[in-house]
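Open your viewer and get ready to click along. We will go from stop to stop, with something to select at each one.

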Amino acid sequence: MTKPHLKPELNHAQLVQREAVSKAQLLQEKHSPLVSHIFTADPSAHVFNGKIYVYPSHDIQSDNEINDNGDQYAMRDYHVLSMEKIGGVVTDHGVALSLENVEWASEQLWAPDAAYKKGTYFFYFPARDKEGVFRIGVATSDKPAGPFKARPRPIEGAFSIDPAAFEDDDGKHYLYFGGLWGGQLEKWRKPYFDKNGKEPAKSEPALNAKVALLSDDMIEFAEVPKDVVVVDEYGEPLKAGDNHRRFFEASWVHKHNGIYYFSYSTGDTHKIAYATGTSPYGPFTYKGVILNPVLGWTNHHSITQFQDKWYLFYHDSSLSGGQSHLRCVKMAEIKHLKDGNIKTVTAYR
Ligand code: FUB
């Protein structure tokens, strides 16, 4: 008797991908990709010299396995995009930084961000070091689109992924960072990297993003990173099992009418959520969802003001027909309501 033919089991990431490809055929997109000649993701947008600059990841196809550790996100360089007006031409300024030019890094150039101070542009980026541990580095340029020159070592005391820089009204800059699973945040629950580190039990407080004040020269931390705690309406920290609200990755902070908005991806529930507070350190009280799930597994965004309007930059996988690791950057206007809440965006009709 011949054995029945068993299909090899698909892992979670592969199942999500298969589902997304069929969903892609049904979705009608509301917004177009900013560029379509390369795959882009994780857009961090800033206004420098009156123009919008977008600092995205540059997605590529690779032979890596598709898994929940994110091995398929095998990026090797960064491009910077810019536009002078909303709906205008988007310029790709070419390669701004390459893996080959980062002494300490071995692979996976994930979501970056940028900041400006006293004539220098600072580009913050995560990558795995030679031991496979995610660290955060900084590179500098005298132009917003680079090319950037990487410092020889990662920032001391920085780890995990998804750096996001925020400049407060007093000129102080803060760096937010962290991400679960492939981003390794659960392996930093001790003061050192523990390769066996796990997420807390579902009933325990969730893991938090981290924040540190940047030094005056913007290339080091001026303090030991602190937890960015998100609490519920009763002031209780969100629980690790509260997957629809707790922090997963993709920190971003913006300030509107004196309120600090901390927004982030909920990861395995695929939303961009937000919480508000009265200090860049938080605590932040959970408020709701800015962006509903998009096509593809990841959801990652930034929020910036341009002229008198506010914009959400985000990505989805529509350009690749739903392949989660081949994404495209898009943008949409957002509205802060009178009560301080943000109107939820849905990317599809
Ligand atoms: O692009 C690689 C990773 O996917 C980012 O660092 C995460 O935020 C997610 O978007």
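Strands, labelled E, are DSSP runs of at least two residues, numbered from the N terminus. Keep in mind that this is a predicted model.

Start with Asp162, in the loop between E9 and strand E10 (164–167). Its phi is positive, about 55°, although Asp162 is not a glycine. Is Asp162 buried or exposed? With a relative accessibility of 4%, Asp162 counts as buried.

Next, look at the oxygen atoms of the ligand. A polar side-chain atom of Asp42 is 2.5 Å from one such oxygen. The side chain of His300 has an N or O atom 2.7 Å from a ligand oxygen, and for an N or O atom in the side chain of Arg327 the distance to a ligand oxygen is also 2.7 Å. On its own the ligand has 280 Å² of accessible area, and the protein covers 98% of that. The space it takes is the largest cavity.

Move on to Trp181, in the loop between strand E11 (173–177) and strand E12 (209–213). Trp181 has a positive phi, near 55°, and is partly exposed at 22% relative accessible area.

Finish with two prolines. Most peptide bonds are trans. The bond from Gly146 to Pro147, however, is cis, with omega near 5°; Pro147 lies in the loop between strands E8 (134–141) and E9 (149–150). The bond from Gly282 to Pro283 is cis, with omega near 0°, and Pro283 lies in the loop between strands E17 (272–277) and E18 (284–291).

Notes
Residues numbered from 1 in each chain as written. Predicted model: local features only at pLDDT ≥ 70, side-chain atom pairs only at ≥ 80, totals over all residues. Heavy atoms only, no water. Polar contact = N/O pair within 3.5 Å; in protein donor to acceptor, adjacent residues only side chain to side chain. Areas by Shrake-Rupley, 256 points an atom, 1.4 Å probe, with all protein chains shown as cover. 1 Å grid on protein atoms, 1.4 Å probe; cavity = no way out; pocket = protein on both sides within 12 Å on 5 of 7 lines; lining within 4 Å. Sits in = over half its atoms within 2 Å of the grid points. Helix = DSSP H or I, 4+ residues; strand = E, 2+ residues; numbered from the N terminus. Buried < 20%, exposed > 50% of the residue type's maximum accessible area, 1.4 Å probe, protein only.
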